[in-house]
Amino acid sequence: MLPDPVNLTPFFFQLQAKDGHARAGVFHTPHGTLETPVFAPVGTQATVKALTPVQVRELGATLVLANTYHLYLRPGDDLVAELGGLHSFMQWERPILTDSGGFQVFSLAGINQIDEDGVTFKSHIDGSTHRFTPEKSIQIQENLGADIIMAFDQCPEPYDRTGVEAAVTRTHAWLERCAAAKTRPDQALFGIAQGGIHADLREQSAAFVTSLDLPGYAIGGLAVGETKDEMHAILEIMDVHLPENKPRYLMGVGAPQDLINGVRRGVDIFDCVLPTRMARNEAVFLRTGERFNLRNAAFARDPRPIDDQCACYTCQHFTRAYLRHLIIAKEMLSATLLSIHNLFTLVQLTKDMRAAIVEGRFEAFARGIPGNTEYGIRNT
Ligand SMILES: [Zn+2]
């Protein structure tokens with residue numbers, strides 16, 4: 001499919017303000033400008049589960065993520081391209097990011113074989129055999145047509161140094177092949193730095209991926225079993241070694257405190273299934289990090305909203321008692337209303353952090369959120 005010539009806007013990141021290590025910026029894409037920091041709801045199957053695109057837009061989201069592995073298997077990337085690409089197919093006219101399929105191939109599918117060329121795997125749906133290579137991942141992502149596409153990488157177990165070294169070498173070779181395979185000028189390819197919890201490997205990986213001068217960089221291989229302190233230490237290393245004039249994307253991280261601690265260390269873009277997955281499991285969180293399950297009998301006659309400080313549609317209209325009733329009665333609306341609240345909480349948190357950075361009061365803002373007791377950032 002040929003790109004729409006009207007949308008050949010170059011990708012461009014402008015850093016607007018820095019406060020400590022926290023950054024406020026704008027990233028221009030063919031489907032609009034993203035104000036950063038930004039949280040992207042995950043639309044695994046080209047839908048943010050339980051929400052219409054209008055609801056996703058109205059809660060303030062600007063960027064959504066879709067999954068290459070899932071859409072390749074079903075309905076097929078060729079079919080999506082035939083119907084005009086993801087923006088049209090899922091009716092989301094703002095920016096979209098697709099992952100490379102690598103994480104799902106390594107975590108979800110049955111692996112048959114990993115070699116230097118790619119990965120052969122079995123579909124988790126019907127057991128059929130497929131093969132992803134860097135070139136295949138780019139071809140699928142070009143068919144899907146997202147604004148931001150990701151390099152095909154290998155996310156290793158973070159503590160196994162030998163395994164991490166092999167994954168870093170492979171991820172770098174695959175990144176070069178992704179960059180060479182890419183043909184669409186209206187898509188931005190982000191490189192992914194790996195390296196587990198090993199500082200020297202992280203530095204090596206950052207040096208390599210940034211040598212390709214890509215429009216943005218992702219920090220992969222975190223939130224996969226390491227401790228928070230280890231994640232923070234790696235983010236501080238990446239903050240030093242990634243260029244200031246490109247957006248930084250921390251993949252798969254989306255609890256309120258993790259967003260604050262990521263922004264505090266120079267991260268611009270986040271995504272995570274957590275808010276919508278929790279909502280489908282009848283649970284909500286507040287920006288303080290407090291979580292509770294609305295099925296609890298304690299909420300049966302509770303006339304309060306989920307969060308009396310929250311301006312989301314759900315909190316503006318519905319009581320905890322009503323939401324619990326929907327859950328007990330197995331009504332679908334509960335997943336919708338809880339998803340709206342959880343996503344709004346993260347999206348609004350990124351907007352409030354952005355305003356605080358621009359006004360030079362980020363640290364005061366972050367420390368003013370009850371439950372945010374993390375002070376471990378270095379003072380350089
Ligand atoms: Zn709310």
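Modeller: Cys315 has a relative accessible area of 8%, so the residue is buried. The model is predicted.

Biologist: Which backbone oxygen does the side chain of Thr314 reach?

Modeller: Thr314 sits in helix α12, residues 313-317, and counts as buried because its relative accessibility is 0%. Leaving aside residues up to four places away in sequence, Thr314 touches Ile306, Leu323, Leu337, Ile340 and His341. The side chain of Thr314 reaches, at 2.7 Å, the backbone oxygen of Leu337.

Biologist: How far apart in space are Ile328 and Arg295, C-alpha to C-alpha?

Modeller: Ile328 belongs to helix α13, residues 320-328, and counts as partly exposed because its relative accessibility is 41%. In sequence, Ile328 and Arg295 are 33 residues apart. In space, the C-alpha to C-alpha distance is 6.9 Å.

Biologist: Turning to the strands, how many residues of strand β4 are buried?

Modeller: Val38, Ala40 and Val42 point one way from β4, and these residues are buried. Phe39, Pro41 and Gly43 point the other way and are buried as well. The strand, residues 38-43, is therefore largely enclosed by the rest of the structure, and the count is six of six.

Biologist: Which residue of β14 stands opposite Phe39?

Modeller: β4 pairs with β14, residues 269-272, in the parallel sense. Four bridges join β4 and β14. Opposite Phe39 stands Phe270.

Biologist: What unit do β4, helix α1 and β5 make?

Modeller: β4 and β5, residues 64-66, pair in the parallel sense over two bridges. In this pairing, Val42 has Leu65 as its bridge partner. With helix α1, residues 53-58, the two strands make a right-handed β-α-β unit.

Biologist: How many residues lie between β7 and β8 in their hairpin?

Modeller: β7, residues 110-114, and β8, residues 119-122, run antiparallel and are joined by four bridges. Gln113 stands opposite Thr120 in β8. The number of residues between the two strands of the hairpin is four.

Biologist: Which residue with a positive phi follows helix α6?

Modeller: Helix α6, residues 134-144, is mostly covered, with eight of its 11 residues buried. Among the buried residues are Pro134, Ile138, Gln141 and Leu144. After α6 the phi is near 85°, and the residue is Gly145.

How values were computed
Residues numbered from 1 in each chain as written. Predicted model: local features only at pLDDT ≥ 70, side-chain atom pairs only at ≥ 80, totals over all residues. Heavy atoms only, no water. Buried < 20%, exposed > 50% of the residue type's maximum accessible area, 1.4 Å probe, protein only. Polar contact = N/O pair within 3.5 Å; in protein donor to acceptor, adjacent residues only side chain to side chain. Contact = heavy atoms within 4.5 Å. Pairing = 2+ DSSP bridges. Right-handed = clockwise from strand over helix to strand, strands pointing away.
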